[in-house]
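This note sets out, in numbered points, a few local features for a colleague who is new to the model. Please read it alongside the sequence and the coordinates.

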Amino acid sequence: MDELAGQVGGRVVGSDGTGATEVGPDVVTDSRLATPGALFVARPGEHADGHDFVPAAAAAGAAAVLGTRPTGLPTVVVEDVVAALGRLGRVVVDQTPGLQVVGVTGSSGKTSTKDLLAQVLEPVGPCVSPAGSFNTEVGVPLTATRVEPGTRFLVSEMGARGIGHIRYLCGLTPPRVGMVLNVGTAHLGEFGDRDTVARAKGELVEEVPADGWAVLNADDPRVLGMRPRTRARVALFAVDHRPPTAERQVWAEQVRTAGPGRYAFRLHAADDAGEQQADVELTGLGRHQVANAVAAAAAALCVGLDLDQVATGLSAAGPRSHWRMELSTRPDGVLVLNDAYNANPDSMQAALTAAAELVADQRRTHPGARLVAVLGEMLELGEQSGQEHRALGEAAAAAGVTELLVLGEHAPDVVAGFDGRGSSTPGAVGATVLATKEDAAPSLSGRLAPGDVVVVKASRACELQTVAEQLALSGEST
């Protein structure tokens, strides 16, 4: 306890006076996840105070608390729990010799790319990566505390809600490889415009040391424009063409379908040693996964893997984080695509495209198969919310959605875009605004037929994963 207190700048209260309480290895912020010996971080929440859950954590076996006041357990008392957790994460990283940290950021695709990269690295050596989207000032250091003495890789997903956030996260888990996937429209309500988003995302490559690697998407002009902002070596990745000259180039060519919604491609990598090629066949759904895979490949090459290891790892990698392109086939032959973890204009388009590809495949055996979409709001878009939601409706119509169910404040904008564009797909029945998400599954009851595909997507706060799960379990025959 005394050592822990020294590491985070706190003082021990409530111990036996020796400071000898054994703590670890687990560090948790959720009392339900506490294990024997765990350190429970009693952080302040938006709706609850973590200190109120100390008894539950203690009942589950937690040995000590990191908090702002004494509790019923030995407690390291600090002024700022989140800042102290950040210091603890940095201590763990600094005490792990040989650890290579890969930082991942971007407006969309961070979690899927992180999951692919982790699965490529794991066969080579112990790798720690976040569960889900632990990409905040809490999630990043919490993930870092899982690093052990033999850990070889830490994949650190980094999100941003403003200028300076990613720089702060880099101070907690200093990256040797920093990867920027894209600059999109997510969080425009906080940043204002894409140029400001690019300014924030580019903080990652500014923090990479000269002997490290900045991995940049050559297909995104704002990301490619970050090149002068880094002192590190540069690896550029692209899809369907070779990227501009750089210390390392990684790209996909001959992209082709490899099954319903899945893709394969020829992976190329070039550096001073020459050019290599390998074939990759992905298990994840959607063409957008090709770009994610190529990005993961570039990062893996930068930490020392060879191309064959990368290609093998990518081809074996499967879905890891919940509610992201999860496909369920009901007993009655209806497919439900649950991509409800989060949403922005770019990821909405990717989901609609993937769903349309699934429907096209279904129509080989079920000519009347329909594409149905249950869509909620895209939050944090600011003044562009109305425009982006109208564009979403247009995109749904263009994708061939025959029936659209929509929820949220901007539902009328989505409907206006959908009806204004109009779907030319036979059997189109138009758009419906739902009062609550609980109305979604009942409204489709008895009206889905074998071969139909239902895609469900919205921003995280909408919690539409419950709709997708209910639809997947329905399985009624029609």
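**Notes on the predicted model**

1. Helix α11 comprises 15 residues, 288–302, which at 1.5 Å a residue should span 21 Å, and the 22 Å between its end C-alpha atoms agrees with this. The expected span is taken as 1.5 Å times one less than the number of residues. Helices are DSSP runs of H or I with at least four residues, strands are runs of E with at least two, and both are numbered from the N terminus. The model is a predicted one, in which local features need pLDDT of at least 70 and side-chain atom pairs count only at pLDDT 80 or more, while totals for chains, interfaces and linings use all residues. Residues are numbered from 1 along each chain as its sequence is written, and side-chain values use heavy atoms, with hydrogens and water left out.

2. Of the 15 residues of α11, 13 are buried, so the helix is largely enclosed by the rest of the structure. Here buried means under 20% relative accessible area, exposed means over 50%, and partly exposed lies in between (1.4 Å probe, protein chains only). Just after α11, glycine 304 adopts a positive phi of about 115°.

3. Arginine 324 is found in the loop between α12 (307–316) and β15 (326–329). This arginine is buried yet has no salt bridge, and the nearest side chain of opposite charge, glutamate 157, is 5.9 Å away. In assigning charge, Lys and Arg count as positive and Asp and Glu as negative, while His and the chain ends are not counted. A polar atom of the arginine 324 side chain lies 3.2 Å from the backbone oxygen of histidine 322. Neighbours within four places in sequence aside, arginine 324 is in contact with residues including Thr111, Gly132, Asn338 and Tyr341, where contact means heavy atoms within 4.5 Å.

4. How many salt bridges does the model contain? The count comes to 23, a salt bridge being a side-chain nitrogen of Lys or Arg within 4 Å of a carboxyl oxygen of Asp or Glu. Aspartate 49 forms one with arginine 69, their closest N and O atoms being 3.2 Å apart. This pair links distant parts of the chain, 20 residues apart: aspartate 49 is in the loop between β3 (39–41) and α2 (54–59), and arginine 69 is in the loop between β4 (64–67) and β5 (75–77). Aspartate 49 is partly exposed at 24% relative accessible area, and arginine 69 is partly exposed at 35%.

5. Arginine 222 forms a salt bridge with aspartate 195, with 3.0 Å between the closest N and O atoms. Because arginine 222 lies in helix α10 (residues 221–224) and aspartate 195 in helix α8 (residues 194–201), the pair ties together parts that are 27 residues apart in sequence.

6. Aspartate 271 and arginine 248 also meet in a salt bridge, at 3.2 Å from N to O. Aspartate 271 belongs to strand β13 (residues 262–271) and arginine 248 to strand β12 (residues 248–259), 23 residues apart.

7. A search of the whole structure finds 0 disulfides, a disulfide being a pair of cysteine sulfur atoms within 2.5 Å. For cysteine 127, the nearest cysteine sulfur is that of cysteine 302, 15 Å away. Cysteine 127 is buried at 15% relative accessibility.

Terms used:
A polar contact is a pair of N or O atoms within 3.5 Å; within protein, one must be able to donate a hydrogen and the other to accept it, and residues adjacent in sequence count only if both atoms are side-chain atoms.
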